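This report covers a sheet with a helix packed on it, and a cavity. The sequence and structure come first.

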Amino acid sequence: MQLSKKAGNITPSITLAITAKANELKSQGVDVVSFGAGEPDFNTPENIIQAAIKAMYDGKTKYTPAGGLLELKTTICSKFKKDNNLDYKPNQIIISTGAKQCLANVFMATLNPGDEVLIPVPYWVSYPELVKLADGVPVFVETLKENNYKYTVADLEKALTSKTKALLLNSPNNPTGTIYHEEELLEIASFAKEHDLLIISDEIYEKLIYDGEKHISIAALNEDAYERTIVINGVSKTYAMTGWRLGYAAASESITKLMTSIQSHMTSNVNTIAQYAAIEALNGPIEDLNNMIKEFENRRNFMIYKLEKLNEISIIKPNGAFYIMVNISSYLNTTFKDQTINNSVDFAKVLLEEEKVAVIPGAGFGLDDYIRLSYATSMDIIETGIDRISTFLSKIK
């Protein structure tokens, strides 16, 4: 029996594979330092937890409309107005099981077989696979180091074809932590207008920004950008709610209607209790969020300080999210204990085996000369882990 060709063409997530291997070693009692986490190590704030408990005791444990609670949609509309100067109505909002499902809904609602989506390199590992699942074609847009791996209109022009349907924007970016500034966004919005493209703007890390930088949503630039942009966001990163699985998207009424119809058959509504928790997250105090951002910035600075002491490596300094991309090209095409280290996957595998440090290979993001380190972990773990990496590098060369 032949199973799904489409499913067979999907590349497994390198991020999840490395994390699973590290967790397996930990379960065996091995002292593993993991820099793979794509989630805050802080617990969900107490007020949010209590809101979820209250919702359960109040009997709010039944189905909701497939696209989410009206109260939560209204709260999200207020959030967009306050934070991004964007005006949305509740019927333009969909609540999904994480930002990842929002993206899946967007691609299924907008792509026809063969439609192309422009994706900048480096990219979050799931973008191309989600496009393929929706019968679209991911087209990778090569970016330059001197542009901090952000794409320009010149880069986009090279990748444009008659089949291009949409472009994907991720700011702050996973994995680089770079941020697109207003003038860059204006140029991208103008390009999308000229070629009548949809803009899919993943803004899940919008609050995790440092050095006095500011997040700007491309949808807020002008009326045309607003009409052609689907904004993706959620509570996972900002409120340390990754396990609650709640994301949301805002788009035109017609696109949101299609996304909701798809979701009604795929999963129906998001966990009801998580929706009530998200209302509290968006309406409640922000002291915990501010403290988390401050701590992430301190950790980022410390990790940069430690990494810059290592020999023959360089980094992409992040202004947002909680990752640092580390260039390991000087240590590739080497041999260690009869094992060849030709690429970032080899490097990550041998590093985990030899020094018990888990990192994410850059190959999963389209940058094979790099590894990704997350600083969503404690200062002690950062210090121990970087010291182990230093030991490993000294053994290779």
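## Terms and basis

In what follows, Ala, Val, Leu, Ile, Met, Phe, Trp, Tyr, Cys and Pro count as nonpolar, Asp, Glu, Lys and Arg as charged, and the others, Gly among them, as polar. The model is predicted: local features need pLDDT of at least 70, side-chain atom pairs count only at pLDDT 80 or more, and totals for chains, interfaces and linings use all residues. Residues are numbered from 1 along each chain as its sequence is written, and side-chain values use heavy atoms, with hydrogens and water left out.

## Cavity

The structure holds one cavity of 30 Å³ or more. A cavity is a set of points on a 1 Å grid, over the protein atoms alone, where a 1.4 Å probe fits but cannot get out; lining residues have an atom within 4 Å of a point. The volume, the space filled by probe spheres set on the points, is about 40 Å³ for the largest cavity.

Its lining divides into ten nonpolar residues, no polar and no charged. Among them are Leu307, Phe347 and Ile389. Strand E15 (370-374) and helix H14 (379-396) are the elements that give two or more residues to this lining.

## Sheet and helix

Helices (H or I, at least four residues) and strands (E, at least two) are DSSP runs, numbered from the N terminus; two strands pair if DSSP finds at least two bridges between them. Seven strands form an open, mixed sheet in the order E2-E8-E7-E6-E5-E3-E4. Strand E2 (93-96) and strand E4 (137-141) are the edges, each pairing on one side only.

Strand E6 (residues 198-202) pairs with strand E7 (residues 229-234) in the parallel sense over four bridges. Isoleucine 200 stands opposite isoleucine 230 in E7. Helix H5 (residues 98-110) packs on the sheet, with contacts (heavy atoms within 4.5 Å) to strands including E2, E6 and E7.

Notes: Axes are lines fitted to C-alpha atoms, for helices over the stretch in contact, and angles run from 0 to 180 degrees between N-to-C directions. On a 1 Å grid over the protein atoms alone, a cavity is a set of points where a 1.4 Å probe fits but cannot get out, and a pocket is an open set with protein on both sides within 12 Å along at least five of seven lines; lining residues have an atom within 4 Å of a point.
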